[in-house]
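Here is a quick tour for anyone meeting this structure for the first time. Have a look at it, then read on.

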Amino acid sequence: MGNKTGVWAKVWPPVIVVVALLACWQGATMWGQVDSWHLPSPASIVQEAASANVWPRLMEHTGATLRLTLLGFAGGSAAGFLLAALLHLAPGLRAAVYPLLVVSQNVPIVVIGPLLTMWLGYGLLPKVLLVMMVCFFPISVAMLGGLTNTDAQLRNYLQMIGTGKWQLFWRLELPHAIIHLFSGLKLAASYSVLSAIVAEWLGTNKGLGYFMQLSAKGFMPERVFASVFIIVALSLSLFGLMTLAEKLLMRWRPAKKEGN
Amino acid sequence: MNRTDDVQRTVAGSEALEVKSVSKSFGKGAALKEILGGLSLTVGEGEFVSIVGPSGSGKTTLFQVIGGLERPTSGEIWIDGRQATGQTGHISYMPQQSSLLPWRTVARNIELSLTIAGLDRNEAKRSAAEWLRRIGLEEYAKSYPHVLSGGMQQRVSFLRALLSPQRLMLLDEPFGSLDALTRLKMQKWLLSIWEENRRSVLLVTHSIEEALFLSDRVIVLSNSPAIVLEQFEVPLARPRSEAMWTEPAFVALKQRIYELLQTGAGVKEEAGYANR
Ligand SMILES: Nc1ncnc2c1ncn2[C@@H]1O[C@H](COP(=O)(O)OP(=O)(O)OP(=O)(O)O)[C@@H](O)[C@H]1O
Ligand SMILES: [Mg+2]
């Protein structure tokens with residue numbers, strides 16, 4: 001459990017670096033040889049984003065992207081979780097399906113986007129499906145690993161005192177898998193925002209992905225950059241949320257000296 | 001060996017545990033390795049029996065066969081007069097490593113084992129709390145296992161076995177990882193608890209003193225494939241005390257077992273050599 005000062009000690013150095021980078025950027029655009037339509041200054045980006053004309057639209061698109069991201073993330077996580085549990089409890093099925101699961105991880109899911117659009121149109125469903133598919137694999141693979149690699153000593157002990165298959169699943173395998181699940185969830189959290197943006201490129205009239213494309217075509221770099229900032233913030237928040245949930249759920253863990 | 005035949009004559013049903021000529025091999029073909037070589041022993045109701053044997057002789061394997069985790073290649077296990085070969089859940093067990101679930105608090109670890117053994121949830125809670133207080137660990141009831149020292153973890157692990165309702169307790173080197181002083185403390189502690197409520201106990205240990213100090217009977221195993229080399233009744237009165245460590249009977253028996261273990265190990269080396 002990091003106390004307040006510990007957290008701040010970790011947060012400060014990267015914050016300083018970011019502030020310094022922004023200052024350099026601002027300086028370069030003010031005194032350097034950079035054209036503002038190539039690289040707008042941070043100040044002008046903020047100014048443009050906050051303007052009465054842009055801000056409400058930006059927020060509306062952010063809302064749409066957030067909804068798509070969360071739906072896909074939640075759906076994909078749930079599906080990955082359930083599939084992992086199913087494959088674990090039915091070893092025959094696992095032997096047949098697991099290799100496919102691993103191989104399919106190497107298929108870039110976004111290429112399926114146009115197909116989904118073709119079959120399911122331009123509504124929300126094909127986009128949610130796309131995000132779900134991206135989130136699904138890291139979670140099911142992490143979860144399956146966790147269900148399988150339980151401690152042999154603990155397993156032997158529990159079996160000898162008469163623990164049945166279901167109890168073993170609930171008491172040993174599932175709690176152990178939760179530890180691994182979070183590495184999958186964190187990965188999926190970052191992927192989900194990214195894939196939501198890509199899904200929005202495929203055709204829609206709302207979402208940050210759409211707004212970015214629109215602004216790029218209209219040569220409004222400030223708006224493109226504003227979208228980028230919001231996307232990065234979304235991605236980081238979702239990742240942070242998962243890290244927080246992990247911390248809360250894993251309070252039993254011995255405190256680590258370093259790292260996340 | 002004739003002593004094991006003695007044991008075979010006892011009436012079925014009256015013993016807490018009967019191991020009937022159990023053998024166990026691992027692997028196949030050229031890699032086949034016989035670990036237990038037709039081993040027989042009994043533990044009477046309320047009796048404290050210890051097993052000493054060389055490291056790697058198959059003591060933990062024997063426990064896993066008794067506990068039903070491994071099926072014997074041949075032979076049978078009878079618990080409380082009933083056939084229990086390959087059946088789990090008939091014994092309470094303290095494993096060689098303390099094996100506490102890291103995500104459950106100390107109290108909830110104990111409760112889990114008790115409910116798995118069939119105790120009512122409230123009853124399990126009550127008895128875990130009461131006993132944690134009795135052994136002076138109540139302030140750790142809500143802590144996670146990693147907070148505890150090795151000795152404390154062993155005590156919790158022992159408590160878990162003690163409170164389980166099964167009549168037969170298997171203790172696999174309960175104090176193996178402790179320093180000499182803590183170990184002695186724990187032995188006295190175990191003894192005081194056991195003398196209160198006399199469960200049937202089968203204990204594995206590397207320490208001859210520990211075996212003699214704690215038990216009614218000591219069984220000496222050979223190197224693997226393990227068989228019973230000899231058994232000794234311990235001629236010490238109960239309650240036991242440290243003072244008995246210097247009694248002539250204690251010292252003589254200790255010497256006997258020590259020599260037996262040495263020759264037992266020697267025999268095995270020659271046999272292993274001849275096989276090649
Ligand atoms: N599942 C298994 N598969 C193959 N070999 C095994 C298995 N379990 C145990 N063995 C072998 O059986 C032998 C006896 O192991 P066991 O753990 O029973 O010894 P032990 O008497 O408990 O030793 P120690 O006193 O060091 O705990 C070892 O050589 C081990 O490699
Ligand atoms: Mg062992």
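How many salt bridges are there over all chains? The count comes to 17, where a salt bridge is a side-chain nitrogen of Lys or Arg within 4 Å of a carboxyl oxygen of Asp or Glu.

## Before we start

This is a predicted model, so to speak of local features a pLDDT of at least 70 is needed, side-chain atom pairs count only at pLDDT 80 or more, and totals for chains, interfaces and linings use all residues. Residues are numbered from 1 along each chain as its sequence is written, chains are lettered from A and ligands numbered from 1 in the order in which they are written, and side-chain values use heavy atoms, with hydrogens and water left out.

## Salt bridges in chain B

Let's start with Glu47(B) and Arg217(B), whose side chains meet in a salt bridge at 2.8 Å, N to O. The two sit 170 residues apart: Glu47(B) is in the loop between strand 2 and strand 3 of chain B, and Arg217(B) is in strand 9 (residues 217-221). Helices (H or I, at least four residues) and strands (E, at least two) are DSSP runs here, numbered from the N terminus. Are these two partners buried or exposed? Glu47(B) is buried, at 16% relative accessible area, and so is Arg217(B), at 6%. Buried means under 20% relative accessible area, exposed means over 50%, and partly exposed is in between (1.4 Å probe, protein chains only).

Glu45(B), from the loop between strand 2 (33-44) and strand 3 (48-52), also has a distant partner, Arg167(B), in the loop between helix 5 (150-163) and strand 7 (168-172), 122 residues apart. Their closest N and O atoms are 3.4 Å apart. Glu45(B) counts as partly exposed at 44% relative accessibility, and Arg167(B) does too, at 45%. Then there is Glu130(B), which pairs with Arg134(B) at 4.0 Å, N to O. Because they are 4 residues apart in helix 4 (residues 121-134) of chain B, about one helical turn separates them.

## The nonpolar cores

A nonpolar core is a set of buried Ala, Val, Leu, Ile, Met, Phe, Trp, Tyr and Cys residues joined through side-chain atoms within 4.5 Å. In soluble globular proteins, nonpolar side chains tend to be buried together. The largest core here has 88 residues, and Leu17(B), Val19(B), Leu39(B), Leu41(B), Ile66(B) and Leu202(B) touch the most other members. Which element gives the most to this core? That would be helix 8 (residues 165-201) of chain A, with 15 residues. Apart from this core lies another, of 36 residues, including Trp189(B) and Trp194(B).

Leu39(B) shows what such a spot is like: leaving aside neighbours within four places in sequence, its contacts (heavy atoms within 4.5 Å) include Val19(B), Leu62(B), Leu221(B) and Ile227(B).

## Where the chains meet

The contact takes 24 residues from chain B and 19 residues from chain A. About 2000 Å² is buried between the two, with carbon and sulfur atoms giving 68% of it. Buried area is the accessible area (1.4 Å probe) that two parts lose on being put together, summed over both. In chain B, Leu69(B), Trp103(B) and Ile116(B) lose the most area to chain A, together 33% of what that side buries.

What about charges and polar pairs? There are 0 salt bridges between chain B and chain A, but 6 residue pairs are in polar contact, both at pLDDT 80 or more. A polar contact is a pair of N or O atoms within 3.5 Å; within protein, one must be able to donate a hydrogen and the other to accept it, and residues adjacent in sequence count only if both atoms are side-chain atoms.

Thr163(A) is found in the loop between helix 7 (152-160) and helix 8 of chain A, and at 7% relative accessibility it counts as buried. Its side chain reaches the backbone oxygen of Leu158(A) at 2.5 Å. Thr163(A) is also in contact with Ile116(B).

Ser23(B), in strand 1 (residues 15-26) of chain B, is buried as well, at 10% relative accessibility. A polar contact of 2.6 Å joins its side chain to that of Ser74(B).
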